[in-house]
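Good morning, colleagues. I would ask you to look first at the sequence and the model on the screen, and then I shall take you through them.

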Amino acid sequence: MGSIPWDLIGQGFLETLEMSVVSTMITYIIGLPMGVILSFTGPQGLHQNKAVYGVIGAIVNIVRSIPFLILLVLLIPVTRFIVGTSLGTAATCVPLTIGTIPIVARMVEQSLQEVPAGIKESALAMGASPWQVIRLFILPEAVPSLILGATINFLTILGYSAMAGFVGGGGLGDIAVRYGYYRYDTEILLVTVVILIVIVQVVQEIGTKLASSNKHD
C-alpha cells in the first residue's frame, strides 16, 4: 500500500457531490409532478382517474423493480445517445436520474396522502378548485415530509453513484473499486467509505433540521 492520493480523493468527492446534486434536482423536476398526478388521480385523490393512475403507476412499479446495477447496464445505449459516452460523471447522471424518478414519485404521492383530510375538505368548502387545493394547501402542508423524502432520495442516489463505480461511473465509488478493490489498497477503500459515511451523516442532519423548521404548528 502506498500513500493516499488526496488529490484523487478530492476529485472523486467533488464528482460524487456533482452526480448526487444534479441527479436529485433533475429527478425532482420530473418525479415531483408525477407524484402529484398519482396523488391527484389515485383512489383517494381529488380527481380520480383509474386510467392515468394505472399507466403512471405501472411505469413507476416496473422501473422500481429493476435492480440499479442491471438498470445501469440496460441504459448504456440510452446514456450514450444522450451524453455521447457511458463512462464518467455526466454519463452516470442518466441512470441515476431514471432509476430514482419512480422512487421520488411514490414518495411524493405518500407525502401528499399523509396531509389530513380536514385540510382538503376545508379548502374545498372555501371554494378552491382541485388544483388550488393541491397547490395552495396540500403541497405547503406536506413540505416537511417532502424534505425528508428528498433527503432519503439524495442518499439513495449517493449510494447508487458508489455502485456505478463498477462500470466506470466516476466519483468515490469508482476510486474505491479501481484502487481499493482491484489493487487491494485497503487505505483508499477505508478513506472513501469514511467520506461517504460523513456525507450521509451531514446530509441527514441538514434534512432533518430543515424538515423540523418547516413544520406547521
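Let me begin with a definition: a salt bridge is a side-chain nitrogen of Lys or Arg within 4 Å of a carboxyl oxygen of Asp or Glu. What we are looking at is a predicted model, in which local features need pLDDT of at least 70, side-chain atom pairs count only at pLDDT 80 or more, and totals for chains, interfaces and linings use all residues. Residues are numbered from 1 along each chain as its sequence is written, and side-chain values use heavy atoms, with hydrogens and water left out.

By the salt-bridge rule the count comes to 2. In one of these, Lys 209 pairs with Glu 205, and the closest N and O atoms are 3.8 Å apart. Both residues belong to helix 10 (residues 186–213), where they sit 4 residues apart, about one turn of the helix. By helix I mean a DSSP run of H or I of at least four residues, and by strand a DSSP run of E of at least two, each numbered from the N terminus. For exposure, buried means under 20% relative accessible area, exposed means over 50%, and partly exposed is in between, with a 1.4 Å probe and protein chains only. Lys 209 is exposed at 54%, and Glu 205 is partly exposed at 43%.

The other salt bridge joins the side chains of Arg 106 and Glu 109, at 2.8 Å from N to O. These two residues are 3 apart in helix 5 (residues 89–113), so about one helical turn separates them. Here Arg 106 counts as buried, at 16% relative accessibility, and Glu 109 is buried as well, at 5%.

Where does helix 5 bend? The bend, of about 35 degrees, is at Thr 100, and a proline, Pro 102, follows within four residues. A bend here is the angle between axes fitted to the seven residues ending at a position and the seven starting there. Helix 5 is mostly covered, with 20 of its 25 residues buried.

I turn next to helix 8, residues 143–163. Helix 8 has 21 residues and spans 30 Å between its first and last C-alpha atoms, close to the expected 30 Å. Its buried residues include Pro 144, Gly 149, Asn 153, Leu 158 and Tyr 160. What covers the buried residues of helix 8 includes helix 1 (6–41), helix 3, helix 5, helix 7 (130–141) and helix 10.

Within helix 8, Asn 153 is buried at 0% relative accessibility. Which residues does Asn 153 contact, leaving aside its neighbours within four places in sequence? With contact taken as heavy atoms within 4.5 Å, they are Thr 24, Thr 27, Tyr 28, Thr 100, Ile 103, Val 104 and Met 107. Thr 100 is also the site of the bend in helix 5.

From helix 10, Leu 196 is in contact with Thr 16, Leu 158, Ala 162 and Leu 172, again setting aside neighbours within four places.

The structure holds 1 aromatic pair. Phe 68 and Tyr 160 are stacked, with 4.3 Å centre to centre and 5 degrees between the planes. Phe 68 is in helix 3 (residues 68–74) and Tyr 160 in helix 8, so the pair ties together parts that are 92 residues apart in sequence. For the criteria, rings of Phe, Tyr and Trp (its six-membered ring) pair if their centres lie within 6.5 Å; planes under 30 degrees apart count as stacked, over 60 as edge-to-face and the rest as tilted. Both Phe 68 and Tyr 160 are buried. Phe 81, in helix 4 (residues 76–83), is exposed, with a relative accessible area of 75%.

Finally, the chain as a whole. It has 10 helices and 0 strands, and its C-alpha trace spans about 70 × 40 × 25 Å along the principal axes. Of the 217 residues, 43% are buried. Among contacts between residues at least 6 apart in sequence, 73% join residues at least 24 apart.

Key. Expected span 1.5 Å × (residues − 1).
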